[in-house]
Amino acid sequence: MKIRNMEGSDCGGILAVASAWWGNTYSSDMFSKWYITHFRETCLLAEEGGRMIGFVMGFMSQTNPDETYIRIVMVDPAYRGKGVGRALYEAFAERAVALERSVIRCVTAPWNKESIAFHISLGFIMEPQEQELEGIPVCIDYDGRGGGRVLFKKRLGVEQRTVC
Ligand SMILES: CC(C)(COP(=O)(O)OP(=O)(O)OC[C@H]1O[C@@H](n2cnc3c(N)ncnc32)[C@H](O)[C@@H]1OP(=O)(O)O)[C@@H](O)C(=O)NCCC(=O)NCCS
């Protein structure tokens, strides 16, 4: 598996699979070409034999200069459970440290148990919230459109700092 930065020319391939890889809650505002244009350093793509098998898209927070934010991660269903998502997050963390960031934040929907398990396996903590659903802390109206989200945070450790 090879991990590289996205190019603008990758956008078509990503949009072609995104709905199928995400599932029925996919929304067309999840990914756009301008993310690659402006956040290329933190937009990564995993390939096997020249074929895309996963990607992660994130950016550096301007408001919180110590933080990066992962907007979206997806792995080809045929390649799930094989470490692709972990490898993408590790590559993202290396770039975050190189860009002098020490925190990664990201969110997921409370119903997305696979995503919650994935993030906990990777050492993220769920930030405590006033409300919990089935024991999961949920930030109410996170998106300003009524959508509650589980808020994850990971402080980058010594091992990532040493890599870079
Ligand atoms: C979530 C997702 C990115 C995980 O990718 P993946 O390549 O299958 O994950 P990995 O194989 O790298 O797994 C990494 C760790 O997460 C855990 N994990 C991954 N999927 C899991 C699942 N469905 N249930 C429980 N644990 C899971 C693994 O056990 C693994 O832990 P380990 O390394 O300690 O054994 C993938 O399932 C996906 O694309 N889902 C659809 C999109 C989505 O929901 N994205 C997240 C919200 S932004």
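The model is predicted. A search of the whole structure finds 10 salt bridges. Three of the pairs are described below, along with one network that joins Arg4, Asp10 and Glu47.

**Salt bridge: Arg40 and Glu7**

- Arg40 forms a salt bridge with Glu7, and their closest N and O atoms are 2.7 Å apart.
- The two residues sit in distant parts of the chain, 33 residues apart.
- Arg40 is in the loop between helix 2 (33-39) and strand 2 (43-48).
- Glu7 is in the loop between strand 1 (2-5) and helix 1 (11-22).
- Arg40 counts as partly exposed because its relative accessibility is 33%, a value between the 20% and 50% cut-offs.
- Glu7 also counts as partly exposed, at 34% relative accessibility.

**Salt bridge: Asp76 and Arg51**

- Asp76 forms a salt bridge with Arg51, with 2.8 Å between the closest N and O atoms.
- This pair, too, links distant parts of the chain, and the partners are 25 residues apart.
- Asp76 lies in the loop between strand 4 (67-75) and helix 3, while Arg51 belongs to strand 3 (residues 51-60).
- Asp76 has a relative accessibility of 7%, so Asp76 counts as buried; the cut-off for buried is under 20%.
- Arg51 has a relative accessibility of 44%, so Arg51 counts as partly exposed.

- Glu134 lies in the loop between strand 7 and strand 8, and Lys113 lies in helix 4 (residues 113-121), so the pair ties together parts that are 21 residues apart in sequence.
- Glu134 is exposed, with a relative accessible area of 74%.
- Lys113 counts as partly exposed, at 43% relative accessibility.

**A network of salt bridges**

- Arg4, Asp10 and Glu47 belong to one network, joined by salt bridges that share partners.

**Positive phi angles**

- Most residues other than glycine have a negative phi.
- Glu100 is not a glycine, yet has a positive phi of about 65°.
- Glu100 is placed in the loop between helix 3 (84-98) and strand 5 (103-108).
- Glu100 is exposed, because its relative accessible area is 69% and the cut-off for exposed is over 50%.
- Glu134 is exposed, with a relative accessible area of 74%.

**Around Ser61**

- Ser61 lies in the loop between strand 3 and strand 4.
- The relative accessible area of Ser61 is 14%, so Ser61 is buried.
- The Ser61 side chain reaches the backbone nitrogen of Asn64 at 2.8 Å.
- Leaving aside neighbours within four places in sequence, Ser61 is in contact with Glu67, Thr68 and Arg101.

Conventions: Residues are numbered from 1 along each chain as its sequence is written. This is a predicted model: local features need pLDDT of at least 70, side-chain atom pairs count only at pLDDT 80 or more; totals for chains, interfaces and linings use all residues. Side-chain values use heavy atoms; hydrogens and water are left out. Helices (H or I, at least four residues) and strands (E, at least two) are DSSP runs, numbered from the N terminus. Buried means under 20% relative accessible area, exposed over 50%, partly exposed in between (1.4 Å probe, protein chains only). A salt bridge is a side-chain nitrogen of Lys or Arg within 4 Å of a carboxyl oxygen of Asp or Glu. A polar contact is a pair of N or O atoms within 3.5 Å; within protein, one must be able to donate a hydrogen and the other to accept it, and residues adjacent in sequence count only if both atoms are side-chain atoms. Contact means heavy atoms within 4.5 Å.
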